[in-house]
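Here's a quick tour of the structure below. Have a look at it first, then read on.

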Amino acid sequence: MIVRTPDELSLMRKAGEITRDALNYAKTLIKPNISTLELDKKIKEYIISCGAVPSFLNYEGYPGSICASPNCMVVHGIPSDKIILKEGDIISIDVGVNYKGYNGDAARTFPVGVISEEKARLIKVTEECFFEGIKHLKVGNRLGELSNAIQVHAEKNGYSVVRELVGHGIGTKMHEWPNVPNYGKKTDGPILVENICLAIEPMINMGKKDIYLLEDGWGIITRDGKPSAHYENTVILTLTGVEILTL
Ligand code: MF3
Ligand code: CO
């Protein structure tokens, strides 16, 4: 865990604000008939207009500035002019921003027009998983207490937790130690210290937990074809509590 100085935390806050604003902008764009490539172009321009850099672009060869993952796609959907949103879809938009060397990372799952009650419940419970998790994010606790709370809340609602992808420490790099799994035992993981930054990102499947990787090398899809939702924020843990930077 990398302990940040007050000046570094200020830059993390600014990166977080731009990330949040980019997602709020994304929300205004989501409607039937827009392609995920158009979303990518507009959000990329927005991030650059804020004096920041879209950190996903060229990350390990990733070709987009956002990840846009509809329905049964869990995460890492490459934006495409062939993927057109339609009424009733859900779509997770994941945005990463680098501001003066510091990173914000956040995701939301949005409804496209009117969606089914079962998809709406999946989105709601996935968000709740994040908030249940951070109740346990306290200096001196084990990280596993957060992971366990997320898993318990998802499974109590009849859903399953993706195992292969996890949250992460974040700072001058988008992915830093430690991993932040959305499942596990309360006694797992490191003991938390103050002034660390984490990206906490439950990925919750309506059906079974199993996933596969698309041939494009990025897109992650549920094996059973059922919908999946994703909700992510970058946070700071301080002695007094959790500060959510991307909300
Ligand atoms: N938020 C995701 C993550 O933490 C997105 C990164 S994927 C990228 O892994 F390659 F596109 F950057
Ligand atoms: Co992330």
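Predicted model: local features only at pLDDT ≥ 70, side-chain atom pairs only at ≥ 80, totals over all residues.

Residues are numbered from 1 along each chain as its sequence is written, chains are lettered from A and ligands numbered from 1 in the order in which they are written, and side-chain values use heavy atoms, with hydrogens and water left out.

**The cobalt site**

Let's start with the metal. The cobalt ion (ligand 2) is held by Asp105 (OD), His168 (NE2), Glu201 (OE) and Glu232 (OE), at 2.1 to 2.3 Å. Donors here are N, O and S atoms within 2.8 Å of the metal (3.2 Å for Na, K and Ca); water is not among the atoms, so sites may look incomplete. Along the chain, the donors of the cobalt ion (ligand 2) are spaced as D-x62-H-x32-E-x30-E. Two of them bring distant parts of the chain together: glutamate 201 sits in the loop between strand S9 (196-200) and strand S10 (203-205), while glutamate 232 sits in the loop between strand S13 (228-230) and strand S14 (233-238), 31 residues apart. Helices (H or I, at least four residues) and strands (E, at least two) are DSSP runs, numbered from the N terminus.

What is the geometry of the site? The site of the cobalt ion (ligand 2) is irregular, with angles of 64 to 170° among its six donor atoms. By the rule used, four donors count as tetrahedral if all angles lie between 85 and 135 degrees; four count as square planar and six as octahedral if opposite donors are over 155 degrees apart and all others between 65 and 115; anything else is irregular. For reference, ideal angles at a metal are 90 or 180 degrees for six octahedral donors.

Buried means under 20% relative accessible area, exposed over 50%, partly exposed in between (1.4 Å probe, protein chains only).

**Ligand 1**

There are 13 residues around ligand 1, and the closest are Asp94, Asp105, His168, His175 and Glu201. A residue is near a molecule or strand if one of its heavy atoms lies within 4 Å of it.

| Side chain | Atom of ligand 1 | Distance |
|---|---|---|
| aspartate 94 | nitrogen | 2.7 Å |
| histidine 168 | oxygen | 2.8 Å |
| glutamate 232 | nitrogen | 3.3 Å |

Strand S4 (residues 90-99) and strand S5 (residues 102-111) pair in the antiparallel sense, over ten bridges. Two strands pair if DSSP finds at least two bridges between them. S4 and S5 make a hairpin with two residues between them, and lysine 100 in the turn has a positive phi of about 50°. Across this pair, valine 97 stands opposite glycine 104, and serine 92 is partnered with threonine 109.

Strand S2 (residues 66-70) runs antiparallel to S4 over five bridges, with cysteine 67 partnered to aspartate 94. Strand S1 (residues 53-54) is joined to S4 by two bridges, again antiparallel, and proline 54 stands opposite valine 97. Nine of the ten residues of S4 are buried, so S4 is largely enclosed by the rest of the structure. Nine of the ten residues of S5 are buried, so S5 is largely enclosed too.

One open sheet has the order S3-S12-S11, with antiparallel pairing. Its edge strands, strand S3 (73-75) and strand S11 (211-213), each pair on one side only. In this sheet, valine 75 has isoleucine 220 in S12 as its bridge partner. Another open sheet of three strands has the order S6-S10-S13, also antiparallel. Three bridges join S10 to S13, where asparagine 205 is partnered with serine 228.

**A buried serine**

Serine 147 is in helix H4 (residues 143-156). The serine 147 side chain reaches the backbone oxygen of proline 181 at 2.7 Å. Serine 147 counts as buried because its relative accessibility is 3%.

Note on methods. Polar contact = N/O pair within 3.5 Å; in protein donor to acceptor, adjacent residues only side chain to side chain.
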